Amino acid sequence: MIKLFKVKEKQKELAENANGKPPVKKQSAGELRLHKDISELNLPKTCSISFPNGKDDLMNFEVTIRPDEGYYTGGTFIFSFQISPIYPHEAPKVKCRTKVYHPNIDLEGNVCLNILREDWKPVLNINTIIYGLYHLFTEPNHEDPLNPDAAAVLRDNPRLFESNVRRAISGGFVGQTFFPRCI
Amino acid sequence: MAETSAQLSRSRDLDKLLLRPGPLVDSSFEPGPDLRDDLKEYVKVLVVGAGGLGCELLKDLALSGFRNLEVIDMDRIEVSNLNRQFLFRLEDVGKPKAEVAAKRVMERISGVDIKHHFCRIEDKPIDFYSDFNIIVLGLDSAEARSYINAVACGFLEYDDDDNPQPQTIKPMVDGGTEGFKGHVRVIVPGVTPCFECTIWLFPVQVKFPLCTLAETPRNAAHCIEYAHLIKWDEVHSGKTFDPDNPEHMQWVYQEALKRAELFGITGVTYSFTQGVVKNIIPAIASTNAIISAACALETLKIVTGCSKTLSNYLMYNGADGLHTKVTDLMKSSDCLVCGPGILIELETSVTLRKFMDMLEDHPKLHLTRVSVTYRGKNLYMQAPPVLEEMTRPNLELPLFDLMSKTRKDIIHVNGMAGEGDKKQSCLRKLRIVFKGIDGVTDVDMAGGA
């Protein structure tokens, strides 16, 4: 290829003053795939999405879930999504921004959802994750606890769990922990 | 140029490759002293990474007759590097790797010029990369490879028949190691598969379920990840964990140790903590040497044509006995990064809406429910409603204006392709050319992903 390199060297000299290409903004393959995911979103009416940095930054967004059935009916829960440039090779990073009394979400906002970590596959997409999150509110489960206290109450005393959830989302203490109102 | 006998004898072995013909040479091979001199004078190589592979690569390339090298690395030297990154000494700890590596090789090998760049690869303008004839990668992450790959493929241009234009090809040689295992691959954009064509080759990182970490840890790694991912946030609200800060690492180690004791688990050590948190697999000096040697030789072969090159992926596994195999991986023809994309000629007056209608009738596309993105600007989104609304005004604007009046460029679209029941969601790269505009060059951009 050396000969090509030499040719190129000459071309470069000739093209030195010619005006070049437009300013190049690199769009990663991850961004393109995400663009597809987002433009194909088909969300249930209980979920909505927003882009705090405007329409051209899809890599960081928020999803708001307002369950209309189950223990969490009436509450509003916000999740932040952070997408890697090698998405979907790597799963999105998702955190719950609303402090919630939930067996599978801890008080720091970590979420135990299998498809966010151990079961993530590149064929999954943003829509799948949002449905997965929504499912956590309609069917909280005590088998994958991140908040062990809440999980134990759900397992042993669903009625108490229900009233604890009501108290938490209306703004109040459950045990020693205060939950701000999110209705 | 008068050469000393020492210099002559230094290139003796190289001369055997470059001065005489042979049965295995590439079709373009023209042996002779000119070739050796051109190698010194015209060829500029960029080495990405000055770590385990980078040190070896710089030494190997310099000894193989390359004179103009540059190296880029964002890291500083750490004590734990010294067992294998042989260009560094104890007194270098804390200094930039690229700087020290360049200096040491230049001290040892006369006539070699190595420029160093102590920064992130993303910090360099794209033009920086266009200066090199070939890029050799000694990296440790899929993300960095993906970035360099996109940059190198971005220079590639195709002719009207979708053939890559040879003078726009920027070849890459990629090395990688993990303990006893390694790989070497030759990426000639437009000819062999690019990194993105075969990203599935990269193992997905193992991630433990958070609830296992929180509730039922069973091994030392679980305890470490608990301290790192859960306990840290609980205690340091708002402060982000920095894996390069020894105090942070020490804190995680101590917490992991406490947790391991609580659950009767053994095996948490400081170095294992570092390994789990930073996803470090112990590096083996000899694996690095083998992989780098193959990379340097492939670089020489690509540049001079003195022998056929690796086609195109070598895997090396020294873990259980020794196994090595070469696989000719396939290019993905509609790769968004290295593929030609579909050529579409347009009038400058065509609006975005009209353009989207045209895609539906296009014989190669039959695309409906189209969304369009151009260099990070979302021109139109079918969903969600909030973005559809924000991008709707663009529909009535000329695409030429939306593309900053660029005569030729790449645009990406997605939607439903195919007809009838066989509709399938897809993402496509398009090469847009506007008619009736005077251009400086007459080639089509292929990159942009």
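Modeller: Start with the loop. B:G264 sits between α10 (246-262) and α11 (270-277) of chain B. This is a predicted model. B:G264 counts as exposed because its relative accessible area is 64%, above the 50% cut-off. Take B:I134 as a reference point. B:G264 lies 130 residues from B:I134 in sequence. In space, the C-alpha atoms of B:G264 and B:I134 are 53 Å apart.

Now the interface. Chain A brings 51 residues to the contact, and chain B brings 72. Together the two chains bury about 5,500 Å². Carbon and sulfur atoms account for 61% of that area.

Next, the polar side of the contact. One salt bridge is counted between chain A and chain B. Its partners are A:K95 and B:D233, whose side chains meet at 2.8 Å, N to O. Eleven residue pairs are in polar contact across the interface of chain A and chain B, with both residues at pLDDT 80 or more.

Which helices of chain A supply at least two residues each to the side that touches chain B? They include α1 (2-15) and α2 (29-39) of chain A. The most comes from α1(A), with eight residues. As for the make-up of the side of chain A that touches chain B, 22 residues are nonpolar, 19 are charged and ten are polar.

How values were computed: Residues numbered from 1 in each chain as written. Chains lettered and ligands numbered in written order. Predicted model: local features only at pLDDT ≥ 70, side-chain atom pairs only at ≥ 80, totals over all residues. Heavy atoms only, no water. Helix = DSSP H or I, 4+ residues; strand = E, 2+ residues; numbered from the N terminus. Buried < 20%, exposed > 50% of the residue type's maximum accessible area, 1.4 Å probe, protein only. Contact = heavy atoms within 4.5 Å. Buried area = accessible area lost by both parts, 1.4 Å probe. Salt bridge = Lys/Arg side-chain N within 4 Å of Asp/Glu carboxyl O. Polar contact = N/O pair within 3.5 Å; in protein donor to acceptor, adjacent residues only side chain to side chain. Nonpolar A, V, L, I, M, F, W, Y, C, P; charged D, E, K, R; others polar.
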